[in-house]
Amino acid sequence: PLTLPRPSSVRVVAVANQKGGVGKTTTAVNLGVGLAMSGLRVLIVDVDPQGNATTALGIDHDLGTPGTYEVLIDEEPISPLARMSPETPGLEVLPATIDLSGADLQLANVRQRERRLKTALDDYLKSHDIDYVLLDCPPSLGLLTINALVAADEVLLPIQCEYYALEGVTQLMRTVNAVKSSFNSKLQLATILMTMYDARTRLSKEVVDEVRGQFSQEMLETKIPRSVRVSEAPSYGRSVLTYEPSSAGAVSYREAAAEFAKLHATASKEASNRAGSS
Ligand code: ADP
Ligand code: MG
């Protein structure tokens, strides 16, 4: 059953932050599962050679499993390489393996090197009725992340509630603006999700206030708490939503998915109202 609104057209979201360990993969996986469990159709593209999103979604990522590498380097189509995740119906994954670690260098001298993912994704979306595409980016601003930013409509930036939380955000914004002016004029930093929040510490509250001060429009009200269940789930090839549905982490990722989906529904409704009244 559909319990969240479908966006008026597919929403392609790059989950990016060039800092490692801030919760990009955890967010792509659990938000994706949250949206799929609400009846929406979701494709997660693993753009990180570590392949953590792939394994967390129960897809085997042995060497030789074709996926994002073949799409970027050999220009193979996405459709035959995407796999259904055993997590939940309606969720597909384009897997990544360590093979992808060579792609940043291999892409350096090919034609259309920044647009390879966008070209493949546009082609895939012509024949697949998808609501959300989530691109799980690696912790760098190289050509893999650039491909994700060129393919995306919007950026979801997870920020860890820790010291130096905003470190690197300036460089990410600079990269987003460069991609926007050269390749993808509609790209915007749309959403910030605070991760690994600890309500008992003053630091967590201070970091949230600091980020809200700069990004009041973008920051979701829902914060993801630090929770052992969240970090355990991937080792079982599961999201926390099916591994421990009643845990604080599962509850907050379901809420984040709802907030994320509804914010957009309002925006697209306003846009169509404006279009209708003009
Ligand atoms: P990134 O993709 O940005 O490198 P990950 O999503 O892999 O970050 O998260 C880094 C580590 O932190 C992982 O071991 C993950 O399981 C853990 N982690 C992420 N979010 C949480 C959370 N809310 N509570 C506890 N551990 C978390
Ligand atoms: Mg990751």
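Tutor: Start at Val 15, which stands opposite Asp 136 in strand 5. This is a predicted model: local features need pLDDT of at least 70, side-chain atom pairs count only at pLDDT 80 or more, and totals for chains, interfaces and linings use all residues. Residues are numbered from 1 along each chain as its sequence is written, with chains lettered from A and ligands numbered from 1 in the order written.

The part to examine is the sheet. Strand 1 (residues 11–15) and strand 5 (residues 132–136) run parallel, and five bridges join them. (Strands are DSSP runs of E with at least two residues, helices runs of H or I with at least four, numbered from the N terminus; two strands pair if DSSP finds at least two bridges between them.) Strand 5 is also joined to strand 2 by five bridges, and these two run parallel as well. On that side, Leu 135 of strand 5 has Val 45 opposite it.

Strand 2 in turn runs parallel to strand 4 (residues 91–94), with four bridges between them.

Now look at strand 2 (residues 42–46) itself. Five of its five residues are buried, so strand 2 is largely enclosed by the rest of the structure. (Buried means that 20 or more other C-beta atoms lie within 10 Å of a residue's own; exposed means 12 or fewer, partly exposed in between, with C-beta atoms placed from the backbone.) In a regular strand, side chains alternate between the two faces of the sheet. Both faces of strand 2 are covered: one side carries Val 42, Ile 44 and Asp 46, the other Leu 43 and Val 45, and all of them are buried.

As for the setting, the protein chain has eleven helices and eight strands. Buried residues account for 46% of its 278 residues. Taken along the principal axes, the C-alpha atoms of the chain fill a box of roughly 50 × 50 × 40 Å. To trace the part in the model, go from strand 1 to strand 5, then to strand 2, and from there to strand 4.
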